[in-house]
Amino acid sequence: MNIELRKLTLEDYNDLKESMLQAYDSMGGSIWPKSSIAKLLTIFPEGQLCIAVDDKVVACSLAIIVEYDEYGDRHTYKLITGDYSFSTHDPNGDTLYGIEIFVHPEFRGLRLGRRLYEARKELCESLNLKSIIAGGRIPGYHAHAKELSPRQYIDKVKSKEIYDPTLTFQISNDFHVRKVLKNYLPGDRESKEYATLIEWNNIYYQGIDASARSAMTIRLGLVQWEMRLFPDMDVFYEQVEFFVDALSGYKSDFIMFPELFNTPLLQPYNHLPEVEAMRKLAEKTKEIVDRMHEYALSYNVNIITGSMPLLEDGKLYNATYLCHRTGKIDEYRKIHITPNEQKYYGMVGGDKVQVFDTDCGKVGILICYDVEFPELSRIYADQGMQILFVPFLTDTQNGYTRVRHCAQARAIENECYVAIAGCVGNLPKVNNMDIQFAQSAVFTPSDFAFPTNAVKAEATPNTEMVLVVDVDLHLLDELHHYGTVKVLKDRRTDLYQTKLLK
């Protein structure tokens with residue numbers, strides 16, 4: 001499955017029409033004609049967004065810009081849209097007005113509406129508009145209309161006593177109810193023709209530049225995972241989803257789990273030699289990756305899955321996966337295998353070194369021991385890497401110190417951000433996985449625009465927790481061109497080079 005959020009085009013209309021008919025079946029299948037979509041695309045193309053799943057449009061949001069004071073809080077849908085002609089669109093207005101948002105019923109479990117709301121917010125910020133305002137249906141109201149007024153119904157939805165499929169979703173996406181509108185959308189029998197006037201305020205408007213948290217600012221969520229025994233796979237997935245849910249709630253762009261974080265699942269095989277037990281664990285890898293792929297889609301976040309054993313053609317690898325929120329999956333296999341991994345598990349190293357293109361720039365992944373070899377990250381830097389992710393697993397402080405200081409060096413010498421995430425806690429009932437030590441962190445280059453110690457943030461040592469960190473890719477661009485020193489530019493490539501041999 002491939003998910004793409006993009007601008008709507010007129011060529012999408014047939015898919016759009018089919019999705020609208022399904023989405024509004026309860027309202028008699030009322031849809032926008034092609035001429036209306038064409039008008040919107042002419043006057044305000046950047047405001048018309050859609051989500052395509054496997055190249056088919058299944059969700060859409062439509063919007064115009066208005067000078068809101070001209071219409072006020074008592075407007076109707078017909079008035080604010082200029083009798084559905086969109087003549088009210090004003091490029092110099094102060095408010096982004098949402099006139100439509102819907103998701104095909106078959107795809108509502110993927111949280112596509114949330115992506116559209118987030119895209120609207122980003123558009124509002126980038127255009128330096130004061131707020132997003134829309135009239136929201138309350139389709140659950142008809143079932144309570146005899147005993148509750150619209151305001152009483154809304155209050156109960158706010159307090160979570162009643163679930164409304166539209167209003168509950170809007171509240172969870174940071175919209176607040178500004179007013180109750182009457183006769184807003186004639187024919188909306190489910191809402192009894194009432195609507196909520198909902199609003200989201202742009203905190204970057206006026207006093208703060210709208211680009212204050214621009215598309216160049218990326219939010220990283222690191223999981224410092226505590227090793228614990230799990231009675232079954234369901235409990236393991238509950239713990240994984242807990243962290244995904246929490247970090248996506250903070251609007252993280254990436255979530256990273258540590259190296260071999262799933263080894264507590266070795267416990268049922270503790271009676272086997274380590275090499276056989278790890279191969280048994282490898283049988284669960286595809287299932288775990290598939291589940292994380294689902295989380296990446298449904299929670300709209302890119303997930304570095306933490307590494308897991310991978311058995312292929314009789315060889316055992318230490319592999320991690322980048323599950324993109326667009327549906328794509330990339331794989332990286334640890335290149336440098338530690339003596340411990342060779343001795344106890346018979347692991348072998350991978351042979352592919354490449355950066356991955358994401359919706360947040362170019363990223364590289366190295367697993368633990370790999371970061372101690374500077375050649376790999378230098379090759380990544382030559383390929384345009386901006387963020388290096390390093391899931392790791394170290395048992396002692398000595399091992400952690402090696403990973404930490406090498407990761408810091410990689411950030412400085414390659415003018416990039418480096419994020420590391422490890423496991424903590426003890427596993428007394430799992431052979432060769434008894435103790436762990438970690439302090440997850442995000443490291444930066446060392447120059448005036450960055451922290452003086454080149455540490456953006458770090459977790460509490462040996463405590464299960466998450467780390468949420470914003471990194472600004474624009475600062476990397478400035479460093480490359482105007483830094484006190486320019487490490488990448490000043491290399492003597494006439495004298496020495498680092499390159500892949502295959």
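Modeller: Two strands pair if DSSP finds at least two bridges between them. Helices (H or I, at least four residues) and strands (E, at least two) are DSSP runs, numbered from the N terminus. This model is predicted: local features need pLDDT of at least 70, side-chain atom pairs count only at pLDDT 80 or more, and totals for chains, interfaces and linings use all residues. Residues are numbered from 1 along each chain as its sequence is written, and side-chain values use heavy atoms, leaving out hydrogens and water.

Colleague: Which strands stand at the edges of the sheet?

Modeller: Six strands form an open, mixed sheet, ordered β14-β15-β16-β17-β20-β21. Each edge strand has a single partner, so one side is left without a neighbour in the sheet. The edge strands are β14 (356–358) and β21 (455–458).

Colleague: In β20, what is the bridge partner of A419?

Modeller: Strands β17 (residues 417–421) and β20 (residues 441–443) run antiparallel. Three bridges join β17 to β20. The partner of A419 in β20 is V442.

Colleague: How many disulfides are there?

Modeller: A disulfide is a pair of cysteine sulfur atoms within 2.5 Å. The sulfur of C50 is 6.4 Å from the closest cysteine sulfur, in C60, so the two are too far for a bond. For C323, the nearest cysteine sulfur is that of C360, 15 Å away. By this rule, the count is zero.

Colleague: Is C323 buried or exposed?

Modeller: Buried means under 20% relative accessible area, exposed over 50%, and partly exposed in between (1.4 Å probe, protein chains only). The relative accessible area of C323 is 0%. Therefore C323 counts as buried.
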